[in-house]
Protein chains: 2
Amino acid sequence: MAAQPKWFPPGADCDANQAELFGRDLEEHFELPERLADKSASLVEAVNDFHYAMLNDHERNEFYRRALAEQIQPSDIVLEIGTGSGLLAMLAAKAGARHVYAIEANRHMAQLAQHIISVNGLADRITVINALSTEVTVEHLGGQRADALVSEILGTLLLGESALQYISDARERLLKPDARIIPAGGRQLISLVESEDIKSITSVQSWGDLDLRAFNVLQDTVSLVFTKQYGFRFSSTKHKMIVSKATVADVDFHTDGEGALPLEMTVELTAECDGRVDAVLTYWEAYDSREKTSVMSTEPSATEGNFARDMQWGQAIQLVEEATETGPQPFHVKKGDKLELVVRFSEDSAVMQFSLQRA
Amino acid sequence: MAAQPKWFPPGADCDANQAELFGRDLEEHFELPERLADKSASLVEAVNDFHYAMLNDHERNEFYRRALAEQIQPSDIVLEIGTGSGLLAMLAAKAGARHVYAIEANRHMAQLAQHIISVNGLADRITVINALSTEVTVEHLGGQRADALVSEILGTLLLGESALQYISDARERLLKPDARIIPAGGRQLISLVESEDIKSITSVQSWGDLDLRAFNVLQDTVSLVFTKQYGFRFSSTKHKMIVSKATVADVDFHTDGEGALPLEMTVELTAECDGRVDAVLTYWEAYDSREKTSVMSTEPSATEGNFARDMQWGQAIQLVEEATETGPQPFHVKKGDKLELVVRFSEDSAVMQFSLQRA
C-alpha cells in the first residue's frame, strides 16, 4: 500500500479532527436551521467556501465531460475519488460507463450525492461508497479492479489536496494495470510578477512626512498564501510579468507516487524586462490524457472571465525579498539578469516554498 | 471597571492562546528568517493580513490627521489604544499634543512602534506602553487622566474588535470627564443586495441536463462572512440594491458601553425595486466628532477606488434564504413589498446575525 495522504477531505468521517458540528460558534439566541445542525462544520464550510463555485466553473465541468466522453468505453467500470455532489460520476455514467463507483468520505455528502444521482435517474448506474478512498478495497467494487479513474482533488496548488497519494494508492490497489486516469497528470507552474496592487497591501513606505519603512521587518516572505486568503482576484490586479512562465514540477498520475518530487531543486530564470519582483505566483495545468489533448488551467489569463474559477482555485503567492540587515527590501532586476529560484517541496509534495537569488 | 472585552488584539502578550510562534507550520528544511522566528504567529499573520493595507489606506490616515488637527490642543495629554506602527500617535503629536501615551499589547510591536517614533524624531513626545489597555492605569499616564482618546480598533464590523468594551473601559478609568474621543461614534449599516456573482459562488442550479439543486441544502444562510474570506471585493461585483441603506445600530463612544445594543431587534424595510434578495451586506460609518463633520465609511461606493480599504476592512455578507421543506430557496420580492429584518447581536455586541422575513 502506498504512503498515507496527509490531507483529509473536509468532513471525512474517519478524521476525528473534523467531527465538530456546524453552528459551534453561534450563540444560543442565534438561529441554526435544522438541515445544518447535524453536519460537520468543516463540511459546511468547504461547500460554502468552494464547492458551489467549483460546480459553477463550467469550463471545469466541460473539461471533464469531454475527457470522459472521449475515453470511457461501454464496458468500463469507472472509479471516482471524492464525488461530492456526484457530478463527475454522473458525467462518467452519461459517457456510457457500465458502472460507476463514487467514493465520498463524508456520510451526509454521500447521502446527498446518492439523492442527486437518483433525482437525475442514474441510481442504477452509480454506487456511492461512503469511505475514504484509502479504506476502499476491490470488494467494494464488486470484486474487480476498475478500468478508469476520474477525480478532481486538485487544490490551489496542484498537489495541495494530496492527489499524488490518493491517486497512486488507488492505482496500485483498485485499478487494472492499463487503466486510464483522468486527469492524466499536471504541471505546477510559476511566474515572477511585479504588482503595485500587491505591494500596496504587503508593505509600507511612508505617509505624508512620516517614515514607516521599519514596519516591513514583519513582512512574511516565506509563506505561500492563496490569493483567495488575501481577498483579491489576481486576474483583476494590475501586474507585469518579470518571468512569464516556468515549470517547477511535472506529474504523471499513471506512474508517480510519493517521493516523485525532490525536497529541493533550483530553477534557472532570466528576467524578461526591467522591474521589481514583488512575488512568485503559482498556478497549474492539468491534462485530460497523456496526449495532453485538452488542458485545464489556473493561470490568471485562464480565469479572467471565470469568476467561479478565481473563487474556487485562484492562485497562490509568495512575497519575494532582497534580504538586508535592516529587513526585507524590494528585489529590483534588469532585463537579462540571471536569477535562481530555489524551490522547496514539503515531505508529502503538497506544499512549496521559494527563495529567489541572483545567479 | 467595565466589562472585559472578548476580542484580543493579535499577538497580545497577555493572551496565552496567541503565544504560538510564527513558522510553526513550516517544515524543517524550509527557510525561516531570523527576524520572524521570535514573533508570535498571530502578530505576523495580522500584520500581513491587514496592517500593511491599513497603513496604505490614505483616506483613513487623512480622516485621522484632520480630526486630530482640529480637536487636539497644545496642552492635551492624548491616549491611543492599539498603536501598532505608531502612526496615529505620531499624528496626534504632530497635531500639537503636549504628550501622547500609545498603548500596544504585543511587546515586539511596541518595540517597533518605539523605533519608528524615534526614526521620525518624536521619541520625546510619545511614550509607548506595552500592555493591553484594560491593564493600563492612571499611573502609566504620569498620574493624570487624558484629555483625548484616539483609536482605530474598528473591524469589518464596527464593533467586531470589541471597540465598545475597550473604549468604555478607557473612558471610565483613564480619561477626564469631558475628554474628546476620536472617532466619536459610528453607525452599523446594511443593504439588501441582488448579485449574480455572489449567487454563482454560493448556490448551484444545474449543469447541462443535470439537476444539482438539492446540493443547496448545505448552503450557509446563518453566518456573517467577510467579503475578504469569500475572496472577492464587493465593490467590483455586479450587484443591485433591493434596499439601499438602513441603520441597525448607532453607537456613541462618549456614553455607550457593553449592553448599549439589544440582543434582538427588528428593522422594517421596503423593497425599492423588483428583484431577488441574495444577501444582507453590512458596512459602517465612523464620525470624527459628535458633530459628524467628517465621515469614514466602508460602504462599497466609498472603497471603489481604494484597493487597500477593500483589503483591510471590506464588508461582511450573510446569505438570505426563503426557507422551504426541501431546503433554502431564492427570496424574490416586488417593489413596495414590506419586509422585516430580524437583527441579533452577540452578547458582547461584536457580531450580528440576520433573518429576513415578509411583514
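Predicted model: local features only at pLDDT ≥ 70, side-chain atom pairs only at ≥ 80, totals over all residues.
Residues are numbered from 1 along each chain as its sequence is written, and chains are lettered from A in the order in which they are written. Local features need pLDDT of at least 70, side-chain atom pairs count only at pLDDT 80 or more, totals for chains, interfaces and linings use all residues, and side-chain values use heavy atoms, with hydrogens and water left out.

Student: How many salt bridges does the rule find across the interface of chain A and chain B?

Tutor: The rule asks for a side-chain nitrogen of Lys or Arg within 4 Å of a carboxyl oxygen of Asp or Glu. Across the interface of chain A and chain B, the number found is six.

Student: Which helix of chain A gives the largest share of the side that touches chain B?

Tutor: Helices are DSSP runs (H or I, at least four residues), strands likewise (E, at least two), numbered from the N terminus. The largest share is nine residues, and these come from residues 41-55 of chain A, helix α2.

Student: What area do chain A and chain B bury between them?

Tutor: Buried area is the accessible area (1.4 Å probe) that two parts lose on being put together, summed over both. The contact, meaning heavy atoms within 4.5 Å, takes 81 residues from chain A and 81 residues from chain B. Carbon and sulfur atoms carry 66% of the buried area, which amounts to about 6800 Å².

Student: Why does the radius of gyration of chain A agree with that of a compact globule?

Tutor: The radius is taken over C-alpha atoms, and the globule rule is 2.2 Å times the number of residues to the power 0.38. The C-alpha atoms fill a box of roughly 70 × 55 × 35 Å along the principal axes. For 359 residues the rule gives a value near 21 Å, so there is agreement with the radius of chain A, 22 Å.

Student: Is Ala316(A) buried or exposed?

Tutor: Ala316(A) lies in strand β15 (residues 316-319) of chain A. Leaving out residues up to four places away in sequence, Ala316(A) touches several residues, including Leu157(A), Phe226(A) and Val280(A). Buried means under 20% relative accessible area, exposed over 50%, and partly exposed in between (1.4 Å probe, protein chains only). Because its relative accessibility is 0%, Ala316(A) counts as buried.
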